[in-house]
Amino acid sequence: MLQALKPARTGTSYWSRNAIYADRSIIVLNKPAGLICQGSDASSENATTGTLLLARNSPAARQFSQQFQSRVVEKTYLALVRGGEKSFPTRSGEIRDALEFSNGRVSIGESCGAKFAATDWELIASSPIAPLSLLRLTLHTGLKHQLRIHLAHSLHTPILGDDLYARSSISEKIAKITRLPEKRMFLHAAQLTLSRYRKTGPNKHLRLRIGAPVPRDFLTICRDAGISLDHIYVDGGLSVDGQHVSDVPDLEGRWLRKPPGPRP
């Protein structure tokens, strides 16, 4: 999701606490739950956490807005969903169910007015003790509530904490193993990949990926449920053309979080 950078009412401490990457054109935040953003795609929902792109000037805003519209930007999400391993027919799949919009509600639709929506999903892990799974999602279109509808009504595994589209109450097995915060939906914009350009050199084009660490409560539920998370989602980080980096000198870019400590 692209936002224009405006004077912050929350002060410098807010930006320093949530900014994870900055270069001469953009700032990327690790958006906390509850932050209200403009726009209507899945990453702009208040409850969604993770990568939020801010353009630092008007030319950058126009450039990245065009990348979003032309689907050059790749957006990867993590979702904790209600359903064990047996809820999924395969380990991965594609959802191409069109969506209809009426009176502020979104639903699967087949009318002429329905809009094409594309989501790819992959099962990363399932809890051995409760009907809970971790999915990696690739968003190819950015329609309002797309991921929520596709998971709840197409895959029949609603996102944990999604009270709007879930058709049943949370299993007691989930409630017994972990504490679930109120009004909290566990959908995280984990990675954002953009096209960027070097000023010099024979290979000016590069693909920059920014990863936002998962929130603490997301990680806690995974641990309580016996779901392991790869360190790239726990720590976040940067990569250029698939190679991990700590900064991007060609863009005057830098990772703003402390590097992770040694692992046991």
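How much space lies in the largest pocket? The answer is about 870 Å³, with the volume taken as the space filled by probe spheres set on grid points joined across faces, edges and corners. Of the 37 lining residues, P213, V234, D235, G236 and W255 are the closest to the centre. A pocket here is an open set of points on a 1 Å grid over the protein atoms alone, where a 1.4 Å probe fits and protein lies on both sides within 12 Å along at least five of seven lines; lining residues have an atom within 4 Å of a point.

Before going further, please keep in mind that this is a predicted model: local features need pLDDT of at least 70, side-chain atom pairs count only at pLDDT 80 or more, and totals for chains, interfaces and linings use all residues. Residues are numbered from 1 along each chain as its sequence is written, and side-chain values use heavy atoms, with hydrogens and water left out.

Among the elements that give two or more residues to its lining are helix 1 (12–18), strand 3 (26–31) and helix 5 (216–225). Helix 6 gives the most, with four residues. Helices (H or I, at least four residues) and strands (E, at least two) are DSSP runs numbered from the N terminus. By class, the lining has 14 nonpolar, 14 polar and nine charged residues.

Now let us visit S133, which sits in strand 10 (residues 132–139). S133 counts as buried because its relative accessibility is 0%; buried means under 20% relative accessible area, exposed over 50% and partly exposed in between, with a 1.4 Å probe and protein chains only. The side chain of S133 makes a polar contact with that of S126 at 2.7 Å (a pair of N or O atoms within 3.5 Å, one able to donate a hydrogen and the other to accept it; residues adjacent in sequence count only if both atoms are side-chain atoms). Beyond four places in sequence, S133 is in contact (heavy atoms within 4.5 Å) with residues including V81, F88 and I227.

L160 and V81 are 79 residues apart in sequence, yet their C-alpha atoms are 5.0 Å apart in space. L160 is buried, with a relative accessible area of 1%, and among the residues it touches are V81, I174 and F186.

Finally, the cysteines: C112 is exposed at 89% relative accessible area, whereas C222 is buried at 1%. The count of disulfides (pairs of cysteine sulfur atoms within 2.5 Å) comes to zero.

Conventions: Nonpolar A, V, L, I, M, F, W, Y, C, P; charged D, E, K, R; others polar.
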